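Student: I would like to go through this model with you, one feature at a time. May I start with a charged side chain and a ring?

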Amino acid sequence: MEQQRYNKTKFRMYEWKETSEEDAQNIAFELVERLFSEMANQSVKLDSNEYGICDMPYLYSERRLDSVIMPALSKICNGLVHDEVSAERHNNSRKAARKKSQGRYDYWCIYKDYSFVIEVKQSFDGYIRNKTVKKATNELWKEMIIQLKTVKDDMKYYIEKTKKIIRLGIMFVTSYTDKPPCKENLLQFNERIPKISSLYFDGLGTNIQIPRPDMMMLWQIPDKIALKKHHIYRGTFPGLWAIVKVFDPMEHQGATK
């Protein structure tokens, strides 16, 4: 595992390249990096002294994350984005029309002439954990991978004129401790970042059917936000992870050369 970047905005990115099409994967990595950064920008707006709120979307469910994911994707992809998409969308095959797929995924977008099919999951993990990834987090990773594999057959009929289709899984994990917010808890999280990233990489995906992540990003929540007591949830929430799986690009009906 190699730490690739660390800048003053407190983003860290880790990469493991395993795909046979590196250029396409780099574009996928770039999309995730821009998405994650813009999600952070959108989230920080919800810490408002003017309106007396500090209500971060990563403290709730996957559905609440949509409030920052959709604006971010729309900005990055120039509006070429949909959410809650059925797998047979754009499918003009008569055979497929007779046998409709029941598959769905969270987002579809076009970025740099590639179609992206994106599935999102969210989990919470205590950052004091030493040995294994929380079972619920592991199960969500498996579920996400299986969902993206299930919709593969429908993708080949898509008619948009893009180079290829890339299936992209992103699991967001909110790091937390039940202890009240204080500087010591933030320092403890900072010290454990290398250990946490290793646990996720080693603990998520253990075989060919459920592969390991390809990339991981961390947003260290600004101290002024992480140190605030939330009006609903007790505890300290110092970091948000984006753990990513990029499937090899695949041909589709509308593919351009």
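Student: Which ring does Arg167 lie over?

Tutor: This is a predicted model. In it, Arg167 lies over the face of Phe247, at 4.5 Å from the ring centre.

Student: And what does Arg64 lie over?

Tutor: Arg64 lies over the face of Tyr60, and the distance to the ring centre is 3.9 Å.

Student: Now the rings themselves. How many aromatic pairs are there?

Tutor: The count comes to five aromatic pairs. One of them is formed by Tyr127 and Phe189, whose ring centres are 5.2 Å apart. Their planes stand at 70°, so the pair is edge-to-face.

Student: What about Tyr200 and Trp241?

Tutor: Tyr200 and Trp241 also form an aromatic pair, and it is edge-to-face, with 5.5 Å from centre to centre and 85° between the planes. Tyr200 lies in helix α6 and Trp241 in strand β10 (residues 236-246), so the pair ties together parts that are 41 residues apart in sequence. Both Tyr200 and Trp241 are buried.

Student: Staying with Trp241 in β10, which residue is its bridge partner?

Tutor: The partner of Trp241 is Val173. The strands β8 and β10 run antiparallel and are joined by nine bridges.

Student: And how do β7 and β8 run, parallel or antiparallel?

Tutor: β7 and β8 run parallel, with 12 bridges between them. Within β8, Gly169 is the residue that stands opposite Glu119.

Student: How many residues of β8 are buried?

Tutor: In strand β8 (residues 165-177), 12 of the 13 residues are buried, so the strand is largely enclosed by the rest of the structure.

Student: Let us move to the core. Which residues have the most contacts inside the largest nonpolar core?

Tutor: They are Leu73, Phe116 and Phe172, in a core of 48 residues. Helix α1 (residues 22-44) gives the most to this core, namely 10 residues.

Student: What does Leu73 touch?

Tutor: Leaving out residues up to four places away in sequence, Leu73 touches Leu31, Leu35, Val81, Tyr107, Cys109 and Ile118. There is also a second, separate core of 32 residues, which includes Val85, Val117, Met144 and Met216.

Student: Changing topic: where is His252?

Tutor: His252 lies in the segment after β10. With a relative accessibility of 6%, this residue counts as buried, because the limit for buried is under 20%.

Student: Which polar partners does the His252 side chain have?

Tutor: One is the backbone oxygen of Glu160, which the side chain of His252 reaches at 3.0 Å. Another is the side chain of Thr162, with which the His252 side chain makes a polar contact at 3.1 Å.

Student: What else is His252 in contact with?

Tutor: Setting aside neighbours within four places in sequence, the contacts of His252 include Met155, Lys156, Tyr158, Lys163, Lys164 and Ile165. The C-alpha atoms of His252 and Ile159 are separated by 7.1 Å, although these residues are 93 residues apart along the chain.

Student: And Gln220, buried or exposed?

Tutor: Gln220 counts as buried, at 8% relative accessibility. This residue is in strand β9 (residues 215-220), and the Gln220 side chain makes a polar contact of 3.1 Å with the side chain of Asn190.

Student: Which residues have a positive phi although they are not glycines?

Tutor: Glu84 is one of them, with a phi of about 50°, and its place is in strand β5 (residues 81-86). Asp113 is another, with a phi of about 70°. Asp113 is found in the loop between β6 (104-111) and β7 and counts as partly exposed, at 49% relative accessibility.

Student: Finally, the chain overall: what does the secondary structure come to?

Tutor: The protein chain has seven helices and 10 strands. Of its 257 residues, 53% are buried. Among contacts with a separation of 6 or more, 76% are between residues 24 or more positions apart.

Terms used
Residues are numbered from 1 along each chain as its sequence is written. This is a predicted model: local features need pLDDT of at least 70, side-chain atom pairs count only at pLDDT 80 or more; totals for chains, interfaces and linings use all residues. Side-chain values use heavy atoms; hydrogens and water are left out. Helices (H or I, at least four residues) and strands (E, at least two) are DSSP runs, numbered from the N terminus. Buried means under 20% relative accessible area, exposed over 50%, partly exposed in between (1.4 Å probe, protein chains only). A polar contact is a pair of N or O atoms within 3.5 Å; within protein, one must be able to donate a hydrogen and the other to accept it, and residues adjacent in sequence count only if both atoms are side-chain atoms. A nonpolar core is a set of buried Ala, Val, Leu, Ile, Met, Phe, Trp, Tyr and Cys residues joined through side-chain atoms within 4.5 Å. Contact means heavy atoms within 4.5 Å. Rings of Phe, Tyr and Trp (its six-membered ring) pair if their centres lie within 6.5 Å; planes under 30 degrees apart count as stacked, over 60 as edge-to-face and the rest as tilted. A charge sits over a ring if NZ of Lys or CZ of Arg is within 6 Å of the ring centre and within 35 degrees of the ring normal. Two strands pair if DSSP finds at least two bridges between them.
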